[in-house]
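I opened my notebook to look up a few places in this structure. The entries follow in the order I made them.

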Amino acid sequence: MKKKTIIDLFNECVDKYSENPFLWERDTEFRSTSYNETRILVHKLSGGLIDLGLKKGDRMALLSEGCNSWIIGELAIMHAGGVNVPLSIKLNEANDLIFRLNHSESKYIMVSRTQLPKIRAIVDKLPYLEKIIVFGSDINDIQQKEISLGDLYKTGEKWNQQHPEELLKISDSVTGDDYANISYTSG
């Protein structure tokens, strides 16, 4: 009997609660994203990650405050076969971030606009890092190795159209024995 994965559990919930709110986020007011809308975003982002070069088992860090993009990002990493390396926003010391990113051999990082300066300050000390995905809609100063989340969604949508069924094959290849994340604790 196949062990269920987080992907399986997510898809079961989407099938069962498709139009119900799954995520809530507030700007000027609270806005919901349904289970089905979330899956669409996860699939677009997964396609973008695969197009970037993320392969099964690759590590991808996530440094952000709690937000919808964080949840969608983690689910997209899993759907693309990657392993999430969640990082606390409380990590201010460059050494802690450098250690975790290098020790995990993270090739990619998703980072919020507010946490981006931390990564920019140490990017030259991260030999494994290939790409930085930046959350936020006001990204107009993209630097080398960076891509906006919005651009990655567009790339992913195009990739999925050009490779129908490929994302499903990749996400189906994830097993219950594969790593979902690498969590560094303190103390």
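Does Glu105 count as buried, exposed or partly exposed? At 42% relative accessibility, Glu105 counts as partly exposed; buried means under 20% relative accessible area, exposed over 50%, and partly exposed in between, with a 1.4 Å probe and protein chains only.

I noted the ground rules next. This is a predicted model, where local features need pLDDT of at least 70, side-chain atom pairs count only at pLDDT 80 or more, and totals for chains, interfaces and linings use all residues. Residues are numbered from 1 along each chain as its sequence is written, and side-chain values use heavy atoms, leaving out hydrogens and water.

I looked up where Glu105 sits: the loop between α4 (94-103) and β5 (108-111). Helices (H or I, at least four residues) and strands (E, at least two) are DSSP runs, numbered from the N terminus. Glu105 has a positive phi of about 60 degrees, although it is not a glycine.

I then turned to Lys145, in the loop between β6 (131-134) and β7 (146-148). Its phi is positive too, near 75 degrees. At 30% relative accessibility, Lys145 counts as partly exposed.

Last, I checked Glu74 in helix α3.
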